[in-house]
Amino acid sequence: SDRFPFVICWWRINCFFMTIAMGDRLPSVDLHEGTPATKVNLQQLFKGKKGILFGVPGAFTPGCSKQHLPSFVKEATALGHKGVEMIVCVAVNDAFVMSGWGDAQGVGGKVRMLADPQGEMAKAMGLVLDNDVVKANLGNARCKRFVCLVEDGIVRHLAISGEAGAKDSDTYAPAVLAKL
């Protein structure tokens with residue numbers, strides 16, 4: 001469907017984006033890869049492809065570094081055998097941090113590491129993680145932990161940690177493999 005993005009605003013002050021859902025098209029937002037000068041449009045990236053998009057609250061954070069990202073690195077070959085053409089990780093960090101995190105995690109081209117430095121993708125997808133605990137520990141609003149299976153830019157499967165009964169592990173690679 002093309003209902004997305006749907007923005008609700010009142011008095012031009014308070015606005016919120018509805019959370020992306022299965023059947024929605026990915027938003028057309030630019031992310032950074034490697035450096036701020038290298039922009040990648042999310043919608044164009046997934047055009048005509050089957051892939052996985054997953055988001056994490058932050059690079060180098062414990063859960064993201066010990067479980068989430070490593071699960072996709074470990075299962076990249078198995079996901080490829082199921083028809084997945086690319087795996088993309090996004091966090092509200094800068095491009096240099098995402099690149100360094102990918103190097104530290106040994107992604108070796110198995111996972112594309114994209115930066116959402118201003119949280120534009122998180123906002124457009126309705127996946128902003130913004131509360132006092134996040135701000136106290138990470139400094140600013142971040143992206144919720146999620147995973148999407150995407151076919152030709154359309155979300156075919158979606159799990160968001162903490163929503164609809166989903167746990168963190170529902171956003172890891174083994175859970176996606178089970179859906180393919």
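Helices (H or I, at least four residues) and strands (E, at least two) are DSSP runs, numbered from the N terminus. This is a predicted model, in which local features need pLDDT of at least 70 and side-chain atom pairs count only at pLDDT 80 or more, while totals for chains, interfaces and linings use all residues. Residues are numbered from 1 along each chain as its sequence is written, and side-chain values use heavy atoms, leaving out hydrogens and water.

Two strands count as paired if DSSP finds at least two bridges between them. On one side, β5 and β6 run parallel and are joined by 6 bridges, with F54 standing opposite C89 in β6. On to β7: it runs parallel to β6 too, and 4 bridges join the two. R112 in β7 is the bridge partner of V88.

So how enclosed is β6 by the rest of the structure? It is largely enclosed, because 6 of its 6 residues are buried (buried is under 20% relative accessible area, exposed over 50%, partly exposed in between, with a 1.4 Å probe and protein chains only). In a regular strand, side chains alternate between the two faces of the sheet. In β6 both faces are covered, with M86, V88 and V90 buried on one side and I87, C89 and A91 buried on the other. C89 itself has a relative accessible area of 0%, and C148 is buried at 0% as well. As for disulfides (pairs of cysteine sulfur atoms within 2.5 Å), the count is 0.

Next come the aromatic rings. Rings of Phe, Tyr and Trp (its six-membered ring) pair if their centres lie within 6.5 Å, and planes under 30 degrees apart count as stacked, over 60 as edge-to-face and the rest as tilted. The count comes to 2 aromatic pairs. F54 and F72 are stacked, because their ring centres are 4.2 Å apart and their planes sit at 15°. F54 lies in strand β5 (residues 50-56) and F72 in helix α2 (residues 62-81), so this pair ties together parts that are 18 residues apart in sequence. F54 is buried at 0% relative accessibility, and F72 is buried at 0% too. The other pair, F60 with W101, is tilted, at 6.4 Å centre to centre and 50° between the planes. F60 is partly exposed at 49% relative accessibility, whereas W101 is buried at 0%.

Finally, the nonpolar cores: each is a set of buried Ala, Val, Leu, Ile, Met, Phe, Trp, Tyr and Cys residues joined through side-chain atoms within 4.5 Å. The largest has 27 residues, and those touching the most other members are I52, F54, F72, L79, I87, W101 and V111. Its largest share, 6 residues, comes from α2. Which residues does F72 touch, not counting those up to four places away in sequence? With contact meaning heavy atoms within 4.5 Å, F72 touches I52, F54, L79, I87, V111, V147, T171, Y172, A173 and V176. A second, separate core of 26 residues includes M121, M125, C143 and V150.
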